Amino acid sequence: MTLVRRALPEDAEEVLRLRQLMIDSLARSDPSTEWQSEFLPVLRGRLAEPDGDFAAFVADHPERPGALAALVAGTLDYRIGGAGNPRGTDGYVFSVATDPDARRRGYARACMEALLEWFRERGARRVRLTASAQAEPMYVSMGFAPKPDPLLELRL
């Protein structure tokens, strides 16, 4: 059984290491890591907020003490409610990563299950994520369904 726990401020550097692994796996990603020094204190602060709208769940690496095997992070997003979601509370998963030498052992799935439970406890009725082709089968097996929503983005 995989032990999953809520990430702590002292996990911040490992969380960023796994986040960078995920970023590096994306097409057309920016491989720079200079942003991490600016974001590290922000992440430590967010990990120290147990009742905030952000959560990260991790699994410790079984062969490397102090290292993480997997990371799943997400936020709660609040919108005006509707018939399918009267409270207007959505979950959004934005970072899922597994250390390359710890893959295919169920760590990401276990962390995702913990994050989904966290969303449920906070009233989220819908959870959204963007999946790579490699990860999509895991999400589909957990009940996620592809949506035809067109995504537009504006950078400010």
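Colleague: Where is Asn85 placed, and why is Asn85 called buried?

Modeller: Asn85 sits in the loop between strand 3 (68–78) and strand 4 (89–98), where helices (H or I, at least four residues) and strands (E, at least two) are DSSP runs numbered from the N terminus. Its relative accessible area is 9%, and buried means under 20%, exposed over 50% and partly exposed in between, with a 1.4 Å probe and protein chains only, so Asn85 counts as buried. The model is predicted, local features need pLDDT of at least 70, side-chain atom pairs count only at pLDDT 80 or more, and totals for chains, interfaces and linings use all residues. Residues are numbered from 1 along each chain as its sequence is written, and side-chain values use heavy atoms, without hydrogens and water.

Colleague: Which residues is Asn85 in contact with, leaving aside its neighbours within four places in sequence?

Modeller: They are Asp90, Arg125 and Arg126, contact meaning heavy atoms within 4.5 Å.

Colleague: What makes helix 1 oblique to helix 2?

Modeller: Helix 1 (residues 12–25) and helix 2 (residues 35–47) pack at about 120°. Angles under 35 degrees count as roughly parallel, over 145 as roughly antiparallel, 65 to 115 as roughly perpendicular and the rest as oblique, and helix 1 is therefore oblique to helix 2.

Conventions: Axes fitted to C-alpha atoms, helices over the stretch in contact; angles between N-to-C directions.
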